[in-house]
Amino acid sequence: MSKIAISTENAPRPVASFAQASRKGNILQVAGQVAFDPKTGEVVGTTVAEQTRQTFRNIEAVLAEAGSSIDDLVMVRVYLTDTAHFAELNETYNQLVREPYPARTTVYVGLPAGLLVEIDALAVLD
């Protein structure tokens, strides 16, 4: 079983040597996505809610390229820059992700200027 790199023009291009996602068998790991507009490379939004929505649009684009969707997610890791953003993240996340919810971890990190959230995800495909 070979590992396959997934790539789409509908999500931001990686700035280093990694794939937007990597698939082996029915396991699909989506690399950390941020709120970059894939066409302009600019950050979309100044709030956690706006950036979370754009980040999920990027995740959905990568999932779609691999023949997957948010419904296939089994694990989501959220990286926030400020503990004060947790409630806003949760409110937006609950609008985007349906039950049964994937497992989730949220950690607090430093991100490049202007970015408030980064999200990576693990999907299992049927």
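**Surface, fold and an aromatic pair in a predicted model**

The accessible surface of the protein chain amounts to about 6700 Å², and 52% of this belongs to carbon and sulfur atoms (Shrake-Rupley method, 1.4 Å probe). The model is predicted, with local features needing pLDDT of at least 70 and side-chain atom pairs counted only at pLDDT 80 or more, whereas totals for chains, interfaces and linings use all residues. Residues are numbered from 1 along each chain as its sequence is written, and side-chain values use heavy atoms, without hydrogens and water.

Two helices and six strands make up the secondary structure of the protein chain, in the order β-β-β-α-β-α-β-β from the N terminus (DSSP runs; helices H or I of at least four residues, strands E of at least two). Of the 126 residues, 38% count as buried (under 20% relative accessible area, 1.4 Å probe, protein chains only). Among contacts (heavy atoms within 4.5 Å) between residues at least 6 apart in sequence, 67% join residues at least 24 apart.

A search of the whole structure finds one aromatic pair (Phe, Tyr or six-membered Trp ring centres within 6.5 Å). F56 and Y93 form this pair, which is edge-to-face (planes over 60 degrees apart), with 6.0 Å centre to centre and 70° between the planes. F56 belongs to helix α1 (residues 48-65) and Y93 to helix α2 (residues 86-96), 37 residues apart, and the pair thus links distant parts of the chain. F56 is buried at a relative accessible area of 2%, and Y93 is buried at 3%. The charged end of R104 sits over the ring of Y93, 4.6 Å from its centre (CZ of Arg or NZ of Lys within 6 Å of the ring centre and within 35 degrees of the ring normal).

Methods:
Rings of Phe, Tyr and Trp (its six-membered ring) pair if their centres lie within 6.5 Å; planes under 30 degrees apart count as stacked, over 60 as edge-to-face and the rest as tilted. Buried means under 20% relative accessible area, exposed over 50%, partly exposed in between (1.4 Å probe, protein chains only).
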